[in-house]
Amino acid sequence: MKKTRITLILCSFLATACSSNGAKQATTPALPQNDYVTFIKPGESFKHSQFTDIENYIVQLKNKKKLIILFATWCADSQRTIEQLQASPWVNNSELQIIAIGREENSTSMAQFKRDYHLNYPLISDENRTIYNAYANKGIPRLLLLDADNRLIQEENGEDVYALERLLNLL
């Protein structure tokens with residue numbers, strides 16, 4: 001009799017726990033798996049037509065495909081992405097304009113990064129996240145591939161080791 005009473009109490013407890021847990025799941029909205037938001041969609045125009053680089057030169061977006069890299073010098077994923085790009089044939093291809101924009105970076109840190117990684121494309125300092133915030137809410141590096149008319153072809157989150165490869169395959 002005692003075992004039956006304990007079993008009934010346990011079953012009752014489990015049923016209550018399961019039903020209240022089920023109710024909680026039904027009323028709590030599911031969180032998105034990836035809460036990174038990109039504010040530009042394929043086919044939409046890139047909002048910027050020029051930048052001032054860390055050497056104080058005006059960088060116009062040219063009438064060719066462009067790879068915009070939103071990154072940070074301290075970020076391991078950004079460093080890996082830059083290294084992958086440096087190892088690719090596209091880094092010196094005249095058919096692609098590359099511009100790297102340092103989120104929350106100043107000209108001094110960007111100049112050192114440019115020397116350390118032997119970069120031959122313009123670096124833009126975005127100390128206040130003004131540029132970055134126009135295109136994404138978080139996550140670096142973010143890679144934006146634009147067509148000759150400055151419309152987004154595809155965006156990738158560079159935290160994925162194959163992100164740059166996917167974009168470069170579109171060229």
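Visitor: Leaving aside its neighbours within four places in sequence, with which residues is Asp147 in contact?

Guide: Contact means heavy atoms within 4.5 Å. By that criterion Asp147 is in contact with Lys64, Lys65, Lys66 and Ile153, leaving aside neighbours within four places in sequence. Please note that this is a predicted model, in which local features need pLDDT of at least 70 and side-chain atom pairs count only at pLDDT 80 or more, while totals for chains, interfaces and linings use all residues. Residues are numbered from 1 along each chain as its sequence is written, and side-chain values use heavy atoms, with hydrogens and water left out.

Visitor: Where is Asp147 found, and which backbone nitrogen does its side chain reach at 2.8 Å?

Guide: Helices (H or I, at least four residues) and strands (E, at least two) are DSSP runs, numbered from the N terminus. Asp147 is found in the loop between β6 and β7 (152–157). A polar contact is a pair of N or O atoms within 3.5 Å; within protein, one must be able to donate a hydrogen and the other to accept it, and residues adjacent in sequence count only if both atoms are side-chain atoms. The side chain of Asp147 reaches the backbone nitrogen of Asp149 at 2.8 Å, and a polar atom of that side chain also lies 2.8 Å from the backbone nitrogen of Arg151.

Visitor: Is Asp147 buried or exposed?

Guide: Buried means under 20% relative accessible area, exposed over 50%, and partly exposed in between (1.4 Å probe, protein chains only). Asp147 has 16% relative accessibility and therefore counts as buried.

Visitor: How is Arg142 placed, and what does its side chain meet?

Guide: Arg142 belongs to strand β6 (residues 142–146) and, at 3% relative accessibility, counts as buried. A polar atom of its side chain lies 2.5 Å from the backbone oxygen of Lys138. Not counting residues up to four places away in sequence, Arg142 touches a list of residues including Tyr36, Ile69, Tyr132 and Glu156.

Visitor: How many aromatic pairs does the structure hold, and how is such a pair described?

Guide: A pair of aromatic rings is described by the distance of the centres and the angle of the planes. Rings of Phe, Tyr and Trp (its six-membered ring) pair if their centres lie within 6.5 Å; planes under 30 degrees apart count as stacked, over 60 as edge-to-face and the rest as tilted. The structure holds 4 aromatic pairs. One of them joins Phe46 and Tyr135, which are stacked at 4.4 Å centre to centre, with 5 degrees between the planes. Phe46 lies in the loop between α1 (2–27) and β1 (50–52) and Tyr135 in helix α4 (residues 130–135), so the pair ties together parts that are 89 residues apart in sequence. Phe46 counts as buried at 6% relative accessibility, and Tyr135 counts as buried at 1%.

Visitor: Why is the pair of Phe71 and Phe113 tilted?

Guide: The ring centres of Phe71 and Phe113 are 5.2 Å apart and the planes stand at 40 degrees, so the pair is tilted. Phe71 lies in strand β3 (residues 65–71) and Phe113 in helix α3 (residues 107–117), so this pair ties together parts that are 42 residues apart in sequence.

Visitor: Which charged end sits over the ring of Tyr135?

Guide: A charge sits over a ring if NZ of Lys or CZ of Arg is within 6 Å of the ring centre and within 35 degrees of the ring normal. The charged end of Lys47 sits over the ring of Tyr135, 5.5 Å from its centre. Likewise, the charged end of Arg103 sits over the ring of Tyr132, 4.9 Å from the centre.

Visitor: Which residues of α3 are buried, and what covers them?

Guide: Met110, Phe113, Lys114 and Tyr117 are buried in α3. They span an arc (taken from the directions from the helix axis to the C-beta atoms) of only 100 degrees, which puts them on the same side of α3. Their cover includes β3, α2 (76–87), β4 (96–103) and β5 (123–126). The face turned away from the buried side carries the exposed residues Thr108 and Arg115.
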